[in-house]
Amino acid sequence: VWMTPAMRRSFELYGDVLFLDMMKRKTNSQEWPYVGPIVLNGNKKIEVAAEGILVTESLDAYDFVVTAMLEMAHKRKKEDIKVICGMEFSEVVACFNP
């Protein structure tokens with residue numbers, strides 16, 4: 001998981017609600033899923049808050065992504081985040097609190 005300075009700023013400013021989903025497209029030779037967590041900015045436009053390529057799509061993987069983001073963006077507190085994530089077949093998992 002990686003975060004540019006612009007991504008970190010977006011996450012720190014607008015990361016109280018974080019939207020996560022992993023795409024299982026052939027973006028690499030291992031076919032590992034890509035994740036690009038997004039936030040809604042003050043103008044209700046989406047901004048990418050981080051990017052990553054993981055081995056699997058699971059709640060543990062989502063937790064890993066959020067934990068990694070928090071380690072890179074110290075102004076955002078774990079207890080202030082609500083995460084909405086998609087799983088297989090677009091099942092929405094709400095109220096996932098990392």
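This is a predicted model: local features need pLDDT of at least 70, side-chain atom pairs count only at pLDDT 80 or more; totals for chains, interfaces and linings use all residues.
Local features were taken at pLDDT of at least 70 and side-chain atom pairs at pLDDT 80 or more, whereas totals for chains, interfaces and linings use all residues. Residues are numbered from 1 along each chain as its sequence is written, and side-chain values use heavy atoms, without hydrogens and water.

The largest nonpolar core has 21 residues. Such a core is a set of buried Ala, Val, Leu, Ile, Met, Phe, Trp, Tyr and Cys residues joined through side-chain atoms within 4.5 Å. Buried means under 20% relative accessible area, exposed over 50%, and partly exposed in between (1.4 Å probe, protein chains only). Met3, Phe11, Leu18, Leu20, Val66, Met69 and Ile81 touch the most other members. At least two core residues come from each of α1, β1, α2 and β7 (82–86). Helices (H or I, at least four residues) and strands (E, at least two) are DSSP runs, numbered from the N terminus. The largest share, six residues, is supplied by α2. In soluble globular proteins, nonpolar side chains tend to be buried together.

Leucine 18 belongs to strand β1. Its relative accessible area is 0%, so leucine 18 is buried. Beyond its neighbours within four places in sequence, leucine 18 is in contact with residues including Phe11, Val39, Val66, Met69 and Lys82. Contact means heavy atoms within 4.5 Å. Leucine 18 and lysine 82 lie 64 residues apart in sequence, yet their C-alpha atoms are 6.2 Å apart.

Helix α1 spans residues 5–14, and Met7, Ser10, Phe11 and Glu12 are buried there. The buried residues of α1 pack against β1 (17–20), β4 (38–40), β5 (46–48) and α2 (59–72). With residues up to four places away in sequence left out, phenylalanine 11 touches Met3, Leu18, Ala49, Met69, Leu70, Ala73, Arg76 and Ile81.

Lysine 44 lies in the loop between β4 and β5. Its relative accessibility is 72%, so lysine 44 counts as exposed. Phi of lysine 44 is near 60°, a positive value in a residue other than glycine. Most residues other than glycine have a negative phi.

Trp2, Trp32, Ile53 and Val55 form a nonpolar surface patch, with about 380 Å² of accessible area together. Areas come from the Shrake-Rupley method with a 1.4 Å probe; for residues, only the protein chains shown count as cover. Patch residues have over 30% relative accessible area and no salt bridge; like charges are joined within 9 Å, and nonpolar side chains (Val, Leu, Ile, Met, Phe, Trp, Tyr) within 5 Å. A salt bridge is a side-chain nitrogen of Lys or Arg within 4 Å of a carboxyl oxygen of Asp or Glu. Tryptophan 32 sits in the loop between β2 (22–23) and β3 (34–35). Tryptophan 32 is partly exposed, at 33% relative accessible area.
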